Amino acid sequence: MDVHDLTAAYALDALDGDEAEAYERHLGQCEDCRTQLAELNETAGALAFGAVAPAPPARLREAILETAAADRSNVVPLLQRRWVARGLAVAAAAAACIVVGLAVALTRSSQTRVVTAMVALDPAGNATLSVSGLSAAPQGKTYEAWVIPKGQAPKPAGLFSGGASTTIRLKGTVPENAVVAVTIERAGGARAPTTTPILSTPA
Amino acid sequence: MNRQLAHLSDEALVALAARSEQSALAELYDRYGRTAYGLAFRILRDGTLAEDAVQEAFLTVWRTASRFVPERGKASTWILTLVHRRAVDVVRREQRRRAESLDRAPEPAVEGVDEDAWLRLQRERVQEALRNLPDAQREALELAYYGGFSQSELAERLGQPLGTIKSRMFTGLSRMRELLGEPGGEMSWTSTT
């Protein structure tokens with residue numbers, strides 16, 4: 001039996017367990033099969049759109065999101081340090097929109113909070129900041145967002161109170177190479193940051 | 001719904017999911033959940049089993065998003081492959097719906113009202129392409145992909161040598177690729193915002 005012949009069957013999940021294993025071993029050594037499989041996988045995936053079936057019940061979405069929230073297994077690498085603030089530039093999206101995401105894990109004694117924040121930026125420099133997992137600001141305090149253009153002073157970009165998920169549109173525009181940061185300030189906000197940022201995009 | 005993610009590509013959403021951004025997982029579900037459930041339901045012919053398969057697949061997306069490599073294929077393909085594999089594993093274990101799907105049980109009615117126009121268009125395109133295949137190739141693809149039959153099971157059921165089944169699947173899938181690759185054939189999510 002020629003293993004090359006199995007590409008279509010593999011893409012359709014039509015191999016039995018041991019055949020699939022043999023094919024996967026072969027795949028490691030055969031560039032042609034890898035290329036062909038990538039193509040046929042896309043086509044097999046397209047067949048999924050051809051199925052006629054009822055809509056899923058609404059509870060399925062809830063169940064998936066709740067289980068994912070409880071799961072958290074995909075944040076493990078971030079929990080290795082006590083305070084980790086790590087930014088990442090995520091793949092530029094379609095219409096030249098850029099998203100900068102940052103995830104912060106705050107560990108205090110036995111309690112672990114995972115905070116994720118994301119800045120979505122359109123080509124004109126308009127930006128929104130989405131933060132989830134941040135506890136509500138303490139009494140008399142607020143979270144304040146800042147846009148810090150390279151080499152310039154931070155500009156106040158909006159206040160929010162935290163708790164659950166928050167999305168705010170940042171005031172003004174975010175120029176290239178600017179940093180977006182969040183500090184805790186006195187209620188009403190400050191004109192310049194007075195505390196160390198708890199969140200910041202990479203410089 | 002966290003619609004500010006609506007302008008992001010599927011691949012950017014997977015990258016965010018890898019960083020525990022739940023709204024990214026929610027957005028992926030909103031894009032592909034219906035197709036995923038439709039596929040699982042078609043294979044399993046059972047709502048509860050289909051829900052389980054879709055949930056397992058999306059949790060795998062959540063847990064392994066950091067290992068997704070965009071160069072190897074589209075995120076939507078990855079997600080739907082996970083759903084398909086899961087559903088096929090279950091159906092082979094259960095052996096329950098087989099006679100039914102062979103008899104081409106009546107298709108469940110689709111509630112067209114809330115169905116996305118884009119999804120309807122994609123379904124029509126795929127069905128049209130399938131209709132354009134020679135009967136033997138279409139049969140092999142449908143029984144394998146929607147029925148969850150392995151190539152050896154197909155050979156036995158259809159009374160054909162294994163080589164014939166393999167070649168029908170290969171030729172059929174390659175022909176589908178050509179048919180779907182024609183203009184307007186992009187199957188990936190396209191933002192309308």
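**A buried serine and what lies around it**

Guide: S20(B) is buried, since its relative accessible area of 9% falls under the 20% cut-off. Please keep in mind that this is a predicted model. As for its place in the chain, S20(B) sits in the loop that runs between helix 1 (10-17) and helix 2 of chain B. The backbone is what makes this residue worth a stop: phi of S20(B) is positive, about 65 degrees, although the residue is not a glycine. For context, most residues other than glycine have a negative phi.

Phi of R45(B) is near 55 degrees, and R45(B) is not a glycine either. R45(B) counts as buried as well, because its relative accessibility of 17% is under 20%.

Helix 2 of chain B covers residues 22-44, and E27(B) and R31(B) are placed 4 residues apart in it, so about one helical turn separates them. Their side chains form a salt bridge, with the closest N and O atoms 3.0 Å apart. Are these two partners buried or exposed? Both E27(B) and R31(B) are buried. In general terms, side chains of opposite charge can pair when their charged atoms come close.

E128(B) and R131(B) form a salt bridge whose closest N and O atoms are 3.0 Å apart. This pair belongs to helix 6 (residues 117-131) of chain B, where a spacing of 3 residues means that about one helical turn lies between E128(B) and R131(B). E128(B) is partly exposed at a relative accessible area of 40%, and R131(B) counts as exposed because its relative accessibility, 54%, is over 50%.

Chain A has a helical pair of its own. R34(A) forms a salt bridge with E31(A), the closest N and O atoms being 2.9 Å apart. Both residues lie in helix 3 of chain A, 3 residues apart, which is about one turn of the helix. R34(A) is partly exposed, with a relative accessible area of 35%. Over all chains, the rule gives a count of 11 salt bridges.

Some of those bridges cross from one chain to the other. The rule finds 5 salt bridges across the interface of chain A and chain B, including one in which the side chains of R61(A) and D30(B) meet at 2.7 Å, N to O. Polar contacts across this interface come to 17 residue pairs, both residues at pLDDT 80 or more. On the chain A side, the elements that each supply at least two of the residues touching chain B are helix 1 (7-11), helix 3 (31-47), helix 4 (58-71), strand 1 (83-90), strand 2 (98-108), strand 3 (111-121) and strand 4 (127-132). Helix 3 of chain A supplies the largest share, 11 residues. Sorted by class, this side of chain A has 41 nonpolar, 13 polar and 11 charged residues.

How many residues does the contact involve on each side? It brings 65 residues of chain A together with 76 residues of chain B. The two chains bury about 6200 Å² between them, and 63% of that is on carbon and sulfur atoms. D13(A), F49(A) and V52(A) supply 13% of the area that chain A buries against chain B, more than any other three residues.

To finish, here is chain A as a whole. Chain A has 4 helices and 9 strands, and along the sequence the pattern is α-α-α-α-β-β-β-β-β-β-β-β-β. Of its 203 residues, 47% count as buried. One of the buried residues is A120(A), with a relative accessible area of 8%, and A120(A) lies in strand 3 of chain A.

Notes. Residues numbered from 1 in each chain as written. Chains lettered and ligands numbered in written order. Predicted model: local features only at pLDDT ≥ 70, side-chain atom pairs only at ≥ 80, totals over all residues. Heavy atoms only, no water. Contact = heavy atoms within 4.5 Å. Buried area = accessible area lost by both parts, 1.4 Å probe. Salt bridge = Lys/Arg side-chain N within 4 Å of Asp/Glu carboxyl O. Polar contact = N/O pair within 3.5 Å; in protein donor to acceptor, adjacent residues only side chain to side chain. Nonpolar A, V, L, I, M, F, W, Y, C, P; charged D, E, K, R; others polar. Buried < 20%, exposed > 50% of the residue type's maximum accessible area, 1.4 Å probe, protein only.
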